[in-house]
Amino acid sequence: MNKFIPVSEPSITQKEIDYILDAVNSGWVSSIGEYIEKFERKFAEFVGTKYALTTSNGTTGLHLALVTFGIGDGDEVIVPDLTFIATANAVTYTGAKPVFADVDPETWCIDPEDIRRKITSKTKAIIPVHLYGHPADMDAINEIAREYGLFVLEDAAEAHGAEYKRKKVGSLGHAGIFSFYGNKIITTGEGGMITTNDEKFYERARYLRDQAMSKEKRYWHTDIGFNYRMTNIQAALGLAQLERIEELIEKKRQIFKWYKEYLGDIEGIRLNPEKEWAKNVYWMICLVNEKFDEEKRDKFMKKLKDTGIDTRPFFYPCSMMPIYSKNRFKNKVAYSIYEKGINLPSSANLTKEKVIWIYQEIKTILKNI
Ligand SMILES: Cc1ncc(COP(=O)(O)O)c(C=O)c1O
């Protein structure tokens, strides 16, 4: 048996290699080409939106969407405290301020009640994050957004194919973004996607993504735009992955079942949630141990690593970072959960034998810390 198990590795087959070679051989190696068009069309179909727009990564997708909403200096955007830093940084790039809301103790996604408490006259948007593959409570969030006239940008970077009340994430707000980084459910190496049903938003995002060049007059620019495009080669990889996405999601769900079967009975341990209204895609298998503090958790992770099993800690609350300490609130749930949680090996090519081995090691190590 392979004695090192990473947290994540991509699943690449001959199909991906064939499509990439085809893109390279076609000569269309930059951001024009038929793989871009196909990938966008098929991704929109998959999510259930009218439009999908490729971007260079998930972070640029977030930034581009916020700029397209018109968010900038003096505005506030509410984001969950427990997320990858890119969610908050994209807000900061626009000149707006990320305001950190607490998370729900069960789903670890943004808590709608706390969004209400954080709204001010400057609030312009909410970014719910579908953390680790589980959807946020979108009905409650959309209702607040309607009440206060706010934009909703779904950060679905970690949740391709996850469902909220049988609808795919990325189709539930004004716009959604996805990441195709190498550890995501499907990958393009680096890459991202914006999804939306709003034609005007789509057209403007596309124009801003391409250096804001006038459609009528080439090399004439009336806004400050960006180059946030994906290449045709990346889209070829993305299309091949998208054609396998159902298989990859099913595998993620199977892996979670294996973990649940073995780890589920260990006292004090909790794995990923799945609310009755949700389909979790288990991007990362999560283990929360009520007995962990930062020191115990790190010791546990180190011992697992010594046996060849890689893990990673939960995200720190963003407001804990010195760069965001001015935006700090006492977000009780985020501050209590982060040090109790880790991500276990979660790749789609994990086998049951490996999961059993991971379980045995976990059980032994837990007894001794
Ligand atoms: C929640 C979340 N948002 C945004 C991003 C940014 O995506 P990328 O790494 O493609 O820029 C990531 C991912 O890596 C993420 O996990």
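A polar side-chain atom of K184 lies 2.7 Å from an oxygen atom of the ligand, a polar contact being a pair of N or O atoms within 3.5 Å; within protein, one of the two must be able to donate a hydrogen and the other to accept it, and residues adjacent in sequence count only if both atoms are side-chain atoms. The model is predicted: local features need pLDDT of at least 70 and side-chain atom pairs count only at pLDDT 80 or more, whereas totals for chains, interfaces and linings use all residues. Residues are numbered from 1 along each chain as its sequence is written, and side-chain values use heavy atoms, with hydrogens and water left out.

E158 places a polar side-chain atom 2.6 Å from an oxygen atom of the ligand, and an N or O atom in the side chain of S179 is 2.7 Å from a ligand oxygen atom. On its own the ligand has 390 Å² of accessible area, of which the protein covers 93%; such areas come from the Shrake-Rupley method with a 1.4 Å probe, and for residues only the protein chains shown count as cover. The ligand is surrounded by 15 residues, and the closest are T59, D155, E158, S179 and K184; a residue is near a molecule or strand if one of its heavy atoms lies within 4 Å of it.

The shell around the ligand divides into five nonpolar, seven polar and three charged residues. Here Ala, Val, Leu, Ile, Met, Phe, Trp, Tyr, Cys and Pro count as nonpolar, Asp, Glu, Lys and Arg as charged, and the others, Gly among them, as polar. Helices α3 (58–69) and α4 (86–93) each supply at least two residues of this shell, and α3 gives the largest share, three residues. Helices (H or I, at least four residues) and strands (E, at least two) are DSSP runs, numbered from the N terminus.

The next topic is the interior. In soluble globular proteins, nonpolar side chains tend to be buried together. The largest nonpolar core in this model has 66 residues, and those with the most contacts inside it are F43, W108 and Y132. A nonpolar core is a set of buried Ala, Val, Leu, Ile, Met, Phe, Trp, Tyr and Cys residues joined through side-chain atoms within 4.5 Å; buried means under 20% relative accessible area, exposed over 50%, and partly exposed in between (1.4 Å probe, protein chains only). Among the elements that each supply at least two residues of this core are α1 (14–26), β3 (97–101), α9 (245–263) and β12. Its largest share, seven residues, comes from α2.

Strand β12 (residues 285–289) also pairs with β14: four bridges join the two, which run antiparallel, and two strands pair if DSSP finds at least two bridges between them. Strand β13 (residues 312–313) is likewise antiparallel to β14, through two bridges. N343 in β14 stands opposite C286 and also opposite R312. In a regular strand the side chains alternate between the two faces of the sheet. In β14 (residues 341–344), G341 and N343 point one way and I342 and L344 the other way, and all are buried.

A separate description applies to the open sheet of three strands, with the order β7-β6-β11 and antiparallel pairing. Strands β7 (167–168) and β11 (278–279) stand at the edges, each with a single partner strand, so one side of each is left without a neighbour in the sheet. Two bridges join β6 (residues 163–164) to β11, and E163 stands opposite K279 in β11.

The loop between β6 and β7 contains K165, a residue other than glycine with a positive phi, near 50°. Most residues other than glycine have a negative phi, and most peptide bonds are trans. K165 is partly exposed, with a relative accessible area of 46%. Q211, in the loop between α7 (199–209) and α8, also has a positive phi, of about 60°, although it is not a glycine. Q211 counts as partly exposed because its relative accessibility is 37%.

Two other residues complete the account. T195 lies in strand β9 (residues 192–196) and counts as buried because its relative accessibility is 0%. The side chain of T195 reaches the backbone oxygen of G170 at 2.8 Å. E9, in the segment before α1, is partly exposed at 37% relative accessibility. E9 and S346 are 337 residues apart in sequence, and their C-alpha atoms are 8.4 Å apart in space.
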